[in-house]
Amino acid sequence: MGLWIFMMIMNLLIPLTMVVFGKYFSEKAPENINAILGYRTVMSMKNKETWDFAHHYCGKLWVIIGRTTLLLSIIAMLILIGKGNNTVGKFGGIICGIQLVFLISPIYFTERALKKNFDKDGYKTK
């Protein structure tokens with residue numbers, strides 16, 4: 001049961017982080033464009049407008065995906081109650097790997113939205 005509790009906590013970290021940072025970024029991007037905190041890609045760092053757009057867009061995606069993966073992770077871990085340590089460890093690791101895919105997948109969609117709404121120099125398209 002100890003491993004199950006550990007894996008449950010570990011599998012809640014990524015979705016909760018996505019929800020918390022997604023909510024924060026969708027409401028308010030970091031003030032200054034920087035290379036330390038925030039959604040940092042070449043396109044998002046072109047100017048303040050692309051920076052704000054990318055954070056708002058990716059933040060919304062993270063909230064939606066984070067809530068969904070949180071619910072699915074809880075359900076998956078509840079199914080594993082009472083299973084052996086090997087089973088809990090393997091499936092807990094698989095759940096974490098799947099969460100990582102969902103953590104980085106918004107990059108593709110955010111970059112696509114940036115290219116649709118801004119030209120290569122970061123100016124808003126009509």
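**Aromatic pairs and helices**

Tutor: In this predicted model, Phe-21, Tyr-24 and Phe-25 form one aromatic cluster. By the pairing rule, the count comes to 5 aromatic pairs.

Student: Why is the pair of Phe-21 and Phe-25 called tilted?

Tutor: The ring centres of Phe-21 and Phe-25 are 5.9 Å apart, and rings pair if their centres lie within 6.5 Å. Their planes stand at 45°; stacked requires under 30 degrees and edge-to-face over 60, so the pair is tilted. Both residues lie in helix H1 (residues 2–27), 4 residues apart, about one turn of the helix.

Student: What makes Phe-25 buried?

Tutor: Phe-25 has a relative accessible area of 9%, and buried means under 20%; therefore Phe-25 is buried. Phe-21 has 35%, which lies between the limits of 20% and 50%, so Phe-21 is partly exposed.

Student: What makes the pair of Phe-53 and Tyr-57 stacked?

Tutor: The angle between their planes is 20°, and planes under 30 degrees apart count as stacked. The distance is 5.8 Å centre to centre. Phe-53 and Tyr-57 both lie in helix H2, 4 residues apart.

Student: Which residue caps the N-terminal end of H2?

Tutor: Asn-47 does: one of its side-chain oxygens lies 2.9 Å from the backbone nitrogen of Glu-49, and a polar contact needs N or O atoms within 3.5 Å.

Note on methods
Residues are numbered from 1 along each chain as its sequence is written. This is a predicted model: local features need pLDDT of at least 70, side-chain atom pairs count only at pLDDT 80 or more; totals for chains, interfaces and linings use all residues. Side-chain values use heavy atoms; hydrogens and water are left out. A polar contact is a pair of N or O atoms within 3.5 Å; within protein, one must be able to donate a hydrogen and the other to accept it, and residues adjacent in sequence count only if both atoms are side-chain atoms. Helices (H or I, at least four residues) and strands (E, at least two) are DSSP runs, numbered from the N terminus. Rings of Phe, Tyr and Trp (its six-membered ring) pair if their centres lie within 6.5 Å; planes under 30 degrees apart count as stacked, over 60 as edge-to-face and the rest as tilted. Buried means under 20% relative accessible area, exposed over 50%, partly exposed in between (1.4 Å probe, protein chains only).
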